[in-house]
Amino acid sequence: MLSDNYGRIITSLRISITKKCNLNCIYCHQEGDDIESLREVSPGTISRTVTAAAEFGVKKVKFSGGEPLMRHDFENIIAALPPLKDISATTNGVLLAKRAASLADSGLDRVNISLPSLDKENYAKLTGSSLAFPHVLEGIRAAIDAGLTPIKLNMVLLKGINDSRIDDAIHFVSGYDGNVILQLIELMNFKNISRYMVDIGGVEKMLESKASCIKERQLHRRKKYFIDGVEVELVRPIDNSSFCANCNRLRLTSSGKLKPCLMRNDNLVEISENATVQEIGEMLKRTVEKREPYYKDELKQVICRT
Ligand code: SAM
């Protein structure tokens with residue numbers, strides 16, 4: 001098992017496979033990737049890293065980017081993985097319609113699809129593309145047909161853009177007969193865009209007032225609200241020490257560095273191209289040693305109480 005100095009056990013790996021993207025979202029954090037290197041991590045390094053992590057009990061892998069579907073070898077990358085409980089990807093969905101079936105055949109279990117606005121014009125302003133919106137809708141349909149479900153529809157909350165349209169998003173998702181979960185994400189201010197920050201406490205209260213049932217996930221202690229037959233998940237990373245206290249993720253950057261935390265790039269561990277599974281296992285241990293909660297207060301209390 002990979003357990004850090006705060007007792008957090010690593011069960012999942014988030015792998016960025018490229019910095020390239022076919023959209024240019026105004027808010028994108030690009031997985032906190034190190035921007036200097038344009039090298040793209042090879043399928044072999046990904047496979048060996050996941051194999052080493054799986055030997056330590058990691059059961060889940062999520063691919064991200066950039067846009068993971070910009071990699072033409074994405075199907076090969078997935079097919080080369082060892083058996084895992086859950087293999088997923090987060091995608092903007094633009095290129096998904098053509099590849100949903102081949103990705104599912106390669107072993108992808110499910111996808112998260114980013115859709116920051118249901119309004120075509122807003123979507124174009126946010127993403128820099130006036131043509132992409134209908135392709136995303138086709139991508140959602142193709143992903144359902146390929147069984148890449150449940151799909152999570154990721155909507156980063158943006159003040160004045162989509163924060164007053166949450167009801168519309170719930171209604172939109174209800175049209176997919178339980179195949180789609182709405183995931184509302186608090187904006188992380190990576191690009192000096194604090195003017196779009198939403199009062200997330202207000203969103204939480206609104207969801208509470210509408211929900212027939214509320215559950216809590218172990219990952220990051222995320223809340224799930226059941227509203228009019230739709231599952232709505234709220235991701236609240238900011239100033240949220242319980243988010244960090246329950247973080248079980250390690251990251252691999254698109255240039256092949258192990259990354260202990262989304263928020264930092266001063267503690268990366270580089271994997272050399274010819275490193276063996278055993279050597280990567282040692283690197284994983286070193287990376288986990290470096291893990292520290294970004295927001296810590298509640299964690300200290302938890303440690304005091306136990
Ligand atoms: N291109 C893919 C996509 O659009 O899903 C993958 C990359 S994107 C960085 C991965 C996830 O990060 C998406 O769900 C997106 O909504 C989320 N995300 C991006 N920027 C964010 C930000 N500033 N704050 C919170 N979440 C963000």
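The paragraphs below lead through the salt bridges, the ligand site, the cysteines and several loop residues of this predicted model.

Residues are numbered from 1 along each chain as its sequence is written, and side-chain values use heavy atoms, with hydrogens and water left out. As the model is predicted, local features need pLDDT of at least 70 and side-chain atom pairs count only at pLDDT 80 or more, while totals for chains, interfaces and linings use all residues.

The salt bridges come first. A salt bridge is taken as a side-chain nitrogen of Lys or Arg within 4 Å of a carboxyl oxygen of Asp or Glu, and by this rule there are 21 salt bridges. One of them joins Asp4 to Arg291, with the closest N and O atoms 3.0 Å apart. This pair links distant parts of the chain, 287 residues apart: Asp4 belongs to the segment before strand 1 (12-16), and Arg291 to the loop between helix 9 (277-289) and helix 10 (297-305). Helices (H or I, at least four residues) and strands (E, at least two) are DSSP runs, numbered from the N terminus.

Glu204 and Lys223 form another salt bridge, their closest N and O atoms being 3.7 Å apart. Glu204 lies in helix 7 (residues 200-210) and Lys223 in strand 8 (residues 223-227), so this pair ties together parts that are 19 residues apart in sequence. Glu204 is buried at 13% relative accessible area, whereas Lys223 is partly exposed at 26%. Salt bridges also connect Lys20, Glu40, Arg71 and Asp73 in a network.

The ligand site is next. The ligand is surrounded by 20 residues, the closest being Tyr27, Thr90, Ser114, Asn154 and Met188; a residue counts as near if one of its heavy atoms lies within 4 Å. By class, this shell has 6 nonpolar, 10 polar and 4 charged residues. Ala, Val, Leu, Ile, Met, Phe, Trp, Tyr, Cys and Pro count as nonpolar, Asp, Glu, Lys and Arg as charged, and the others, Gly among them, as polar.

Polar contacts are pairs of N or O atoms within 3.5 Å; within protein, one atom must be able to donate a hydrogen and the other to accept it, and residues adjacent in sequence count only if both atoms are side-chain atoms. A backbone N or O atom of His29 lies 3.0 Å from a ligand nitrogen atom, and a polar side-chain atom of Glu67 lies 3.0 Å from a nitrogen atom of the ligand. A polar side-chain atom of Thr90 is 2.9 Å from a ligand oxygen atom. Taken alone the ligand exposes 540 Å², of which the protein buries 95%, by the Shrake-Rupley method with a 1.4 Å probe. Strand 3 (86-91) and strand 5 (151-156) are the elements that give two or more residues to the shell.

The structure holds 0 disulfides, a disulfide being a pair of cysteine sulfur atoms within 2.5 Å. For Cys28, the nearest cysteine sulfur is that of Cys25, 6.0 Å away. Cys28 is partly exposed, with a relative accessible area of 27%.

Several loop residues remain. Ser129 is found in the loop between helix 4 (120-127) and helix 5 (132-145) and is buried at 16% relative accessible area. A polar atom of the Ser129 side chain lies 3.1 Å from the backbone nitrogen of Ala132.

Most residues other than glycine have a negative phi, and most peptide bonds are trans. A cis peptide bond joins Thr149 and Pro150, with omega about -5°, and Pro150 is placed in the loop between helix 5 and strand 5. Gln30, in the loop between strand 1 and helix 1, has a positive phi near 50°. Asp177 also has a positive phi near 50°; this residue lies in the loop between helix 6 (166-174) and strand 6 (180-185). Gln30 is partly exposed at 36% relative accessibility, whereas Asp177 is exposed at 69%.

Conventions: Buried means under 20% relative accessible area, exposed over 50%, partly exposed in between (1.4 Å probe, protein chains only).
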